[in-house]
Amino acid sequence: MSISLDITFFIQLINFFISLLIINSLIIKPIRGVIARRKSIIDADNKDTENFTQRMNTYNLQYEERLQAVRAQMAKERDEYKKSAEDVSRSVLGKASDEARAIRQESTQKIQSESQQALQTLQANVSAYSREALTKILA
């Protein structure tokens, strides 16, 4: 078996290249164009997503900073209110303690005066009570 190269081989070769050029211009180039456009759209979307993520991270950091500042302010105000409440409670407790002391002193004086009056009344009536008791005992 021998291979002979004649004119039909060259015609087939030219036909192949012409078909290759037609297929390239009608099918392959449009497909490559569509793929390139899709790739550029995807790249743009990825870039937009990256920009959005960076902005969100920036916003998130700003939010966290503001939140910490507000928390610090709230803690400061809470401490101030707590201190003020403690001062008021000390004042109220001091007044209540003073009032209790005054009431106790007044009660003590009242009890002492009442006991002295009772003692004086008893001493004044001792002789009458002793006579009455003796009469009952001797009678």
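Student: Which residue forms a salt bridge with Asp98, and how far apart are the closest N and O atoms?

Tutor: Side chains of opposite charge can pair when their charged atoms come close. A salt bridge here is a side-chain nitrogen of Lys or Arg within 4 Å of a carboxyl oxygen of Asp or Glu. In this structure Asp98 pairs with Arg101, and their closest N and O atoms are 2.9 Å apart. This is a predicted model, in which local features need pLDDT of at least 70 and side-chain atom pairs count only at pLDDT 80 or more, while totals for chains, interfaces and linings use all residues. Residues are numbered from 1 along each chain as its sequence is written, and side-chain values use heavy atoms, with hydrogens and water left out.

Student: Where do Asp98 and Arg101 sit relative to each other in helix H1?

Tutor: A helix is a DSSP run of H or I of at least four residues, a strand a run of E of at least two, and both are numbered from the N terminus. Asp98 and Arg101 are three residues apart in helix H1, which means about one helical turn separates them.

Student: Is Asp98 buried, partly exposed or exposed?

Tutor: Buried means under 20% relative accessible area, exposed over 50%, and partly exposed in between (1.4 Å probe, protein chains only). Asp98 has 44% and is partly exposed; Arg101, at 40%, is partly exposed too.

Student: How many salt bridges does the structure hold?

Tutor: There are five. One of them joins Asp43 to Lys39, with 3.2 Å between the closest N and O atoms. These two are four residues apart in helix H1, so about one helical turn lies between them. Asp43 is partly exposed at 38%, whereas Lys39 is exposed at 52%. Glu132 and Lys136 also meet in a salt bridge, at 4.0 Å from N to O. They too are four residues apart in helix H1, about one helical turn. Glu132 is partly exposed at 45%, and Lys136 is exposed at 63%. Finally, salt bridges link Glu86, Asp87 and Arg90 in a network.

Student: How many helices and strands are in the chain?

Tutor: The chain has one helix and zero strands. Its radius of gyration is 57 Å, well over the 14 Å that the globule rule gives for 139 residues, so the chain is more spread out than a compact globule. That radius is taken over C-alpha atoms, and the rule is 2.2 Å times the number of residues to the power 0.38. Along the principal axes, the C-alpha atoms fill a box of roughly 180 × 35 × 20 Å.

Student: What share of the residues counts as buried?

Tutor: The share is 0% of the 139 residues.

Student: Which residues make the nonpolar surface patch?

Tutor: A patch takes residues with over 30% relative accessible area and no salt bridge; nonpolar side chains (Val, Leu, Ile, Met, Phe, Trp, Tyr) are joined within 5 Å, like charges within 9 Å. Here Ile14, Ile18, Ile22, Ile23, Leu26, Ile27, Ile28, Ile31 and Ile35 make a nonpolar patch of about 830 Å². Areas come from the Shrake-Rupley method with a 1.4 Å probe, and for residues only the protein chains shown count as cover. Ile35 lies in helix H1, residues 7–138, and is exposed at 52%.

Student: Where is Ser2?

Tutor: Ser2 is in the segment before H1, and it is exposed at 65%. Its C-alpha atom is 55 Å from that of Ile42, 40 residues away along the chain.
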